[in-house]
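Take a look at it first, then read on.

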Amino acid sequence: MMTMPTISNQNGAFPLLRKTELRRLLTEQQLQELEQFCRASSKRAGSTLFRQGDPADTFHLLADGMVELRARPPGRRVYRTVELIGPSCTFGDEALFGETTYLTSSRVLETARVLALTRPAFDRLAANHPDIALGVLRCAGNCLIKTIRRSAILTQAPADVGLRMLLEELAGGNGNGAPIPVRITHAQLAGVLHVSRETVSRMLGQLASEGTVEVGRGIIRISSH
């Protein structure tokens, strides 16, 4: 499997663990114990962490940045975006839940700081610190529930409502009223929303005319008002 170069692997895992949802599930001491089983790294935009069909041997937790999950449906030649992973969420969960291969490919959209926990490391964690392993599983489960909830809303809501909700979620907020940049393409939005790229372009044009967004090449700036 080919990957893009790592920016740095000198970051300690503990500060990143404290930025994730695990801080709500584990104590400081437990996070320090977990640090011994994780490895932290920073990845440039464009990096591939794993590909669809690769052995599912590593679970990932995103501390910063954004990661795109892509898959090629049966009978199709083109990969489509199926999910966008934001800070504090997990991906590569197949490694913890018995899948032998990854169901999607993962690609970094914005410079990301990632925590990785291999399947053998998780097995050692479960054997020696079952309470911490349970916290990791609960964190992964919470993120999966969030994904299912969002998928259910986006597939049932009108496309324009779904697009607004998705952009607001991806943008988060910076509290100073400035437009928030989100590095994403029309095709990626179309994949998550299950609509055509043309439909996304039309809806973004409408939002731009309302002053809600500014559309650039590969970047959408969302008003925080």
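How much of the protein counts as buried? Of its 225 residues, 42% do, where buried means under 20% relative accessible area with a 1.4 Å probe, counting protein chains only.

## Before we dig in

This is a predicted model, so local features need pLDDT of at least 70 and side-chain atom pairs count only at pLDDT 80 or more, while totals for chains, interfaces and linings use all residues. Residues are numbered from 1 along each chain as its sequence is written, and side-chain values use heavy atoms, with hydrogens and water left out.

## The overall picture

The protein has eight helices and 10 strands; these are DSSP runs numbered from the N terminus, with helices (H or I) of at least four residues and strands (E) of at least two. Its radius of gyration is 18 Å, close to the 17 Å that the globule rule gives for 225 residues, so the protein is as compact as a globular protein of that length. The radius is taken over C-alpha atoms, and the rule is 2.2 Å times the number of residues to the power 0.38.

Along the principal axes, the C-alpha trace spans about 55 × 45 × 35 Å.

## The largest nonpolar core

A nonpolar core is a set of buried Ala, Val, Leu, Ile, Met, Phe, Trp, Tyr and Cys residues joined through side-chain atoms within 4.5 Å. The largest one here holds 26 residues, and Leu22, Leu34, Leu115, Leu117, Leu125 and Val136 touch the most other members. Two or more residues each come from H1, H3, S4, S7, H4 and H5, with H5 giving the largest share, five residues.

Take Val136: setting aside neighbours within four places in sequence, its contacts (heavy atoms within 4.5 Å) include Leu22, Leu34, Phe59 and Leu96. Apart from this core lies another, of 23 residues, with Leu163, Leu167, Ile184 and Met203 among them.

## One side of H4

Which residues of H4 are buried? They are Ala121, Phe122 and Leu125. These residues cover an arc of only 100° around the axis, which puts them on the same side of H4; the arc is that of the directions from the helix axis to the C-beta atoms. The buried residues of H4 pack against H3, S7 and H5.

Ser106 is found in strand S7. Is Ser106 buried or exposed? At 1% relative accessibility, Ser106 counts as buried.

Definitions and conventions:
Buried means under 20% relative accessible area, exposed over 50%, partly exposed in between (1.4 Å probe, protein chains only).
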